[in-house]
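Me: I have a new structure open and would like to walk through it with you. Could you start with a term I will need, and then take my questions as they come?

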Amino acid sequence: AGGTKRTGGNERLSGKVTLPRPFMFYGNVYNAIKISSNGWITFDTTVTSATPTPTTIPDATAPNYLVAGLWADLDSIALATTSGVYTKTANNKYYIEWYKYRRSTVATDTLNFEIVLDFADNSIAVSYASQAEGGFKWTSANSREVGIDGGGNSGEGSNYFNNGNPALNIPTAGTTIKFGTDRKSTRLNSSHV
């Protein structure tokens, strides 16, 4: 609530969004991102496509230098005028929230989730809304990715959810996944919070 709407609809990519502070990702410092309506952000501001179909992370195929909160073919919920992707800064963190989204053509989804960039420790969290926060409901095992990807090289990515057993690979309401950076090796670790 109270954020700035950056994009909405289907197959949309925001313009360059300047971050309130520099953020370190895989040993590089970034000052801006682009936001895809398809559940991901990228630190590579030369990207020009919203890319709805996820690839397994890491992958050298563009987009790279990305954070996939829920990379899938997503769309705004019809008739929800507030549906969109919003950003805001609070408590030394930058929030990117997909509000009132669903997978394209799947009316039974309720996808409210966010990516949080923490400037204090350069960590990244992905959170899926609890019922009290608007809910998160993914109704089938269609393609999706959750994770982070550096340049697409081996060792430059961490994949938390991906295609596979739907009982094991579906994010659930009230869950937060945190990715932290080991600054010496830029190796990333994920933990279920």
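Reply: A salt bridge here is a side-chain nitrogen of Lys or Arg within 4 Å of a carboxyl oxygen of Asp or Glu. This is a predicted model, in which local features need pLDDT of at least 70 and side-chain atom pairs count only at pLDDT 80 or more, while totals for chains, interfaces and linings use all residues. Residues are numbered from 1 along each chain as its sequence is written, and side-chain values use heavy atoms, with hydrogens and water left out.

Me: OK, how many salt bridges does the structure hold?
Reply: The structure holds 3 salt bridges. One of them is between the side chains of arginine 102 and aspartate 75, at 4.0 Å from N to O. Arginine 102 lies in strand β8 and aspartate 75 in strand β6 (residues 74-76), so this pair ties together parts that are 27 residues apart in sequence. Strands (E, at least two residues) and helices (H or I, at least four) are DSSP runs, numbered from the N terminus.

Me: Are arginine 102 and aspartate 75 buried or exposed?
Reply: Both arginine 102 and aspartate 75 are buried, where buried means under 20% relative accessible area, exposed means over 50% and partly exposed is in between, using a 1.4 Å probe and protein chains only.

Me: And which other residues pair up in a salt bridge?
Reply: Arginine 103 and aspartate 109 meet through their side chains at 2.7 Å, N to O, and arginine 103 is buried, as is aspartate 109. Lysine 178 forms a salt bridge with aspartate 121, with the closest N and O atoms 3.8 Å apart. That pair links distant parts of the chain, since lysine 178 is in strand β14 and aspartate 121 is in the loop between β9 and β10, 57 residues apart. Lysine 178 counts as partly exposed because its relative accessibility is 33%, and aspartate 121 is partly exposed too, with a relative accessible area of 32%.

Me: Stepping back, how many helices and strands does the chain have?
Reply: The protein chain has 0 helices and 15 strands. Of its 193 residues, 47% are buried. Among contacts (heavy atoms within 4.5 Å), residues 24 or more positions apart account for 59% of those with a separation of 6 or more.

Me: What about the nonpolar core, which residues have the most contacts inside the largest one?
Reply: Ile96 and Leu117 have the most contacts inside the largest nonpolar core, which has 33 residues. A nonpolar core is a set of buried Ala, Val, Leu, Ile, Met, Phe, Trp, Tyr and Cys residues joined through side-chain atoms within 4.5 Å.

Me: What does isoleucine 96 touch?
Reply: Not counting residues up to four places away in sequence, isoleucine 96 touches several residues, including Ile33, Ile35, Ile41, Val85, Phe113 and Leu117.

Me: Where is valine 67 found, and is it buried or exposed?
Reply: Valine 67 is found in strand β5, and it is buried, with a relative accessible area of 0%. Leaving aside neighbours within four places in sequence, valine 67 is in contact with residues including Phe25, Trp40, Ile41, Ile115, Ile124 and Ile148. The C-alpha atoms of valine 67 and glycine 150 are separated by 9.0 Å, although the two residues are 83 apart along the chain.

Me: Which residue has a positive phi although it is not a glycine?
Reply: Asparagine 92 has a positive phi of about 65°, and asparagine 122 has one of about 55°. Asparagine 92 is found in the loop between β7 (84-90) and β8 (93-103) and counts as partly exposed at 33% relative accessibility. Asparagine 122 lies in the loop between β9 (110-118) and β10 (123-128), and at 10% relative accessibility asparagine 122 counts as buried.
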